[in-house]
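Me: I would like to learn how to read a model of this kind, feature by feature. Please give the general idea each time and then the case at hand.

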Amino acid sequence: MSQVAEQDKTTASGGEDFDGLRLRQVTKSFGAFTAVDDLDLDIPNGSFFALLGPSGCGKTTTLRMVAGLEIPTSGSITLGGDDITFAKPYRRPVNTVFQSYALFPHLDIFENVAFGLRRRRKSDVEAQVNKMLELVELTSQARKKPAQLSGGQQQRVALARALINEPQVLLLDEPLGALDLKLRRSMQIEIKRIQNEVGQTFVHVTHDQEEAMTMADTVAVMNRGVIEQMGSPSDLYENPRSTFVANFLGQSNLIEGAVTHRSADLVTVDMHGIGVSIPVARAHADGDRGWVGIRPEKVLIGELGEELDAPGNSVPGGVVTDVSFVGVSTQYLVRMPWGQELQVFQQNTGHRRLFRQGEQVELSWRPEYAFLLDYSQDAAAGAQRGAED
Amino acid sequence: MTGRWIRDHLVLMLGLLVLAYTFIPIAVVVLMSFNAPESRLIYRFDGFTMHNWLNPCEDPSMCQALGRSIEIGLAATVVATILGTLAAFALVRHDFAGRSASNLLIFLPMASPEIVMGSSLLALFVASGLGGQLGFWTILVAHIMFCLSFVVVTVRARLAGLDDNLEQAAMDLYATPSQTFWRVTFPLVFPGILGAALLSFSLSFDDFIITNLNAGNTTTFPMYVWGVAQRGVPMQVNVVGTVMFLISIAIVLAGELRSRQRTKSLANPTPAPPTLAEELSVQRAS
Amino acid sequence: MSDFQRRRGAVGYLLLIPAALWLVLFFVVPFYSLLATSLYDPSGSDFRGYQMTYEWSNYSHALQDYWQPLVRSLIYGGVATLLCLLLGYVLAYAIAFKAGRWKNLLLVLVIAPFFTSFLVRTLSWKLILADDGIVVNTLQAVHLLGPDGRLLATPVAVIAGLTYNFLPFMVLPLFASIDKIDHRLIEASGDLYANPVVGFFKVTWPLSLPGVVSGTLLTFIPAVGDFINAQLLGSPNQRMVGSVIQSLFTDANDYPAAAALSMILMVLIVGMVLVYIRRAGTEELL
């Protein structure tokens with residue numbers, strides 16, 4: 001059904017007969033502003049692909065170029081081997097679910113959904129529309145106008161209207177943004193279910209990292225017109241290759257350190273006097289300095305000298321400065337001897353005690369969870385979603 | 001405290017008072033349509049009669065003038081609406097040198113005194129040697145001229161408010177540019193075009209100053225009323241006035257009813273049936 | 001920013017040309033004819049033809065002979081505009097802030113009476129303000145009017161008629177402007193210790209100024225050139241310049257004088273409008 005694409009940073013490895021959606025060196029500039037910068041992307045047929053990034057990163061522009069609503073300044077787009085770079089939107093086997101739904105207000109739901117079929121002069125329109133309305137469970141609303149429907153219903157109409165044309169690629173432009181949380185969750189599951197059923201390629205654009213990780217097989221993180229990293233959600237999360245990805249997906253502690261030794265399978269780093277080691281596969285920095293990264297939920301917190309069940313890199317000398325009880329977990333801020341405050345998330349399993357503000361603690365983590373990032377990158381990149389320009 | 005109530009509602013009451021004031025002359029028009037005047041020269045209510053309504057064309061020249069006004073109104077409306085709609089599309093959807101100059105040109109007639117526009121048109125006609133041929137066609141030309149601006153402004157407002165995502169969605173759904181226009185753009189702009197046409201007709205029908213200067217021997221309804229104002233006004237004039245008022249009220253109410261119908265069903269959308277996901281989760285929980 | 005936003009190329013021109021051409025031919029060019037006509041030798045006539053002698057004295061003669069109606073028109077128009085502003089502001093404010101869901105209906109009701117013929121409405125005012133009518137009688141009873149006092153054939157009636165007939169031109173732009181004001185701004189001013197009156201002058205009025213400016217322009221300009229109200233409701237003492245121009249054309253057949261007077265009126269109005277716009281744009285009004 002869907003393929004998990006293990007990709008290196010930006011380029012794809014598909015061969016000459018690649019029959020999915022391929023973007024090659026696609027650039028889009030608006031005057032002096034470059035929205036999409038030399039983008040390369042291979043999306044295999046039948047996959048659920050997410051394009052994730054903060055607002056302004058170029059993901060919507062990329063989507064619109066695939067739809068034909070924008071023309072690339074340079075580069076090419078091919079679908080199933082056919083070059084569609086300059087093809088008009090009405091000549092591409094691609095359909096879009098718009099962020100604002102863009103339902104035709106003067107037509108009822110039935111005619112909205114039937115629109116594409118009628119333009120292509122398909123026969124048997126009524127049967128197909130009814131079937132599609134059943135799929136999205138809006139049969140009883142068929143003769144209503146869009147304004148009479150709720151947001152969630154409108155969203156499903158937009159989806160039905162696009163899907164009914166069986167496009168080779170279905171594009172979704174942040175379609176769930178206007179829905180409330182509960183509805184969004186159920187729609188995420190439903191869209192994923194539908195993609196499983198129909199088997200077409202879905203390309204989903206969003207700024208919500210949870211949404212991307214929940215729904216997609218493959219996620220590409222975009223920032224300022226380029227793809228930072230592409231891979232499966234767990235790949236991106238557990239082994240980020242840039243500070244942007246490390247901060248944009250979930251949260252990361254980034255601690256500066258000096259590389260002391262490189263062997264065949266380990267990189268040893270002096271982190272403010274404390275030695276830590278990182279597997280080579282998770283070290284994405286050359287040079288003699290780097291950011292040691294570790295996710296807060298992977299950090300174990302214990303009393304001084306306590307024997308932690310996962311012996312690993314041990315970092316003593318911490319003082320708890322903040323304790324937040326979040327129900328599922330307790331989140332600590334721990335000030336380390338070098339002044340940095342590290343985040344520690346401890347799941348409230350009930351097995352471990354809670355620490356109090358001011359307590360002296362020792363932190364520890366398994367080396368296989370840490371990663372090493374290029375020191376020249378901004379440690380705060382991607383940290384504030386939406387604040388990025 | 002009544003003082004409080006008055007203060008809170010003072011503005012509203014004053015506003016409604018002003019509104020009522022605008023209807024007073026209309027009430028008089030309606031009343032006078034049923035008037036049986038004792039003397040042709042004294043304009044006051046003397047007695048009730050249905051005579052005027054039953055014999056609207058008692059003065060044949062009034063109905064003739066009425067006919068003229070309707071003819072000219074329809075012709076001017078058709079031409080002004082077509083030309084004005086095209087111009088509105090040009091101004092909203094297209095980029096070209098001289099857009100701001102065009103906008104100014106469109107706006108100026110709306111802000112010019114009618115006597116000046118009428119005078120200059122007359123000067124033009126005379127200078128072109130048409131001084132002896134003033135009539136239907138010169139009136140029509142003048143009417144189209146001043147209706148154009150109003151049509152452009154009305155259609156332009158409607159067009160500018162159109163969500164252009166809709167046209168992109170149409171093209172995404174295999175509609176060619178021509179299909180997009182006729183199936184999406186035009187239906188959505190149409191209410192504006194219709195409103196512009198109605199506005200145009202009433203402007204043309206009601207015009208006196210420009211028409212009078214350029215009419216020659218032709219008489220339109222406003223000219224007729226002006227003429228009889230000195231000689232003695234037949235009450236049928238008020239019948240026409242009342243009918244016009246009723247028609248406009250009818251159009252207003254029809255439009256209002258339609259939009260209220262739509263709002264009503266908006267307020268109570270039928271609740272969405274449970275999604276498959278919701279059903280599945282209920283099943284899983286049990 | 002999309003490629004589909006504004007299309008360049010010839011199509012824009014093609015769409016615009018018909019309307020623009022019509023306006024150029026029948027709005028712009030006529031002014032040139034008017035100017036030319038105003039410089040004809042007045043001793044010519046419609047019948048024998050006119051000689052162009054660059055007779056600038058036509059202007060001085062027109063001013064000499066007709067400065068009274070000219071000034072009178074400006075005064076009547078000005079007063080009527082102020083009254084319209086007062087009444088119109090109350091009405092627009094009431095509809096914008098106090099009408100709730102009746103907003104649209106009320107708005108249309110404001111315009112509805114004005115779809116009845118201008119002349120027929122004004123005739124009604126003749127009846128309402130008649131010497132033995134209710135209004136005069138009431139005013140005499142409360143001694144606002146002497147026992148022989150009348151309203152018709154006085155400036156009061158003319159200005160009242162002007163105010164009534166041009167009210168919608170004031171209300172609609174005012175409403176458009178006032179409606180845009182964010183209610184929360186007024187709430188905020190109240191939160192900051194301003195009483196409603198201060199709140200009005202410091203918040204509402206300044207924010208509604210664009211509407212005030214366009215409303216006053218759209219009212220003043222046509223009001224100055226109107227003469228129907230003066231003719232039907234006034235006496236020769238209230239004669240307005242529009243009436244003079246009209247009779248110079250049709251009765252006296254003195255085209256050069258009529259054209260000259262028309263040009264003077266236009267220049268005056270344009271000049272006043274420019275000064276007004278500049279003042280309204282740059283000054284901070286109280």
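**Reading the chains**

Reply: Start with chain C: of its contacts between residues at least 6 apart in sequence, 69% join residues at least 24 apart. Two residues are in contact if their C-beta atoms, placed from the backbone, lie within 7 Å. This is a predicted model, in which local features need pLDDT of at least 70, side-chain atom pairs count only at pLDDT 80 or more, and totals for chains, interfaces and linings use all residues. Residues are numbered from 1 along each chain as its sequence is written, while chains are lettered from A and ligands numbered from 1 in the order in which they are written.

Me: Which elements does chain C have, and in what order do they run?

Reply: Helices (H or I, at least four residues) and strands (E, at least two) are DSSP runs, numbered from the N terminus. Chain C has 11 helices and 1 strand, and from the N terminus on the order is β-α-α-α-α-α-α-α-α-α-α-α. Along the principal axes, the C-alpha atoms of chain C fill a box of roughly 75 × 75 × 35 Å.

Me: How many residues does chain C have, and what percentage of them is buried?

Reply: A residue is buried if 20 or more other C-beta atoms lie within 10 Å of its own, exposed if 12 or fewer, and partly exposed in between, with C-beta atoms placed from the backbone. Chain C has 286 residues, and 43% of them are buried.

Me: How many residues form the contact between chain C and chain B?

Reply: An interface's size is often given as the accessible area lost when the parts come together. Here there is a residue count instead: 72 residues from chain C and 71 residues from chain B. Helix α1 (residues 10-38) of chain C gives the largest share of the chain C side, 19 residues. By class, that side has 55 nonpolar, 10 polar and 7 charged residues. Ala, Val, Leu, Ile, Met, Phe, Trp, Tyr, Cys and Pro count as nonpolar, Asp, Glu, Lys and Arg as charged, and the others, Gly among them, as polar.

Me: Where are the domains of chain B?

Reply: Domain bounds come from an automatic or database domain assignment. In chain B, domain 1 is 1-58 + 234-264 and domain 2 is 61-231. Their centres, taken over C-alpha atoms, are 27 Å apart. Each domain puts 6 residues into the contact; on the domain 1 side these are 5 nonpolar, 1 polar and no charged.

Me: Which way do the residues of strand β6 of chain A point?

Reply: In a regular strand the side chains alternate between the two faces of the sheet. In strand β6 (residues 94-97) of chain A, A:Val94 and A:Thr96 point one way, A:Asn95 and A:Val97 the other, and all are buried. Two strands pair if DSSP finds at least two bridges between them. Strand β6 of chain A pairs in the parallel sense with strand β7 (residues 169-173) over 4 bridges, and A:Thr96 has A:Leu171 as its bridge partner there.

Me: Why does A:Leu172 count as buried?

Reply: A:Leu172, in strand β7 of chain A, counts as buried because it has 26 C-beta neighbours inside 10 Å. Leaving aside residues up to four places away in sequence, A:Leu172 touches A:Val97, A:Phe202, A:Val203, A:His204 and A:Val205.

Me: What do strands β18 and β19 of chain A form?

Reply: They form a hairpin with 5 residues between them, and A:Gly339 in the turn has a positive phi of about 100 degrees. The two strands, residues 329-335 and 341-347, run antiparallel and are joined by 7 bridges. A:Ser329 stands opposite A:Gln347.
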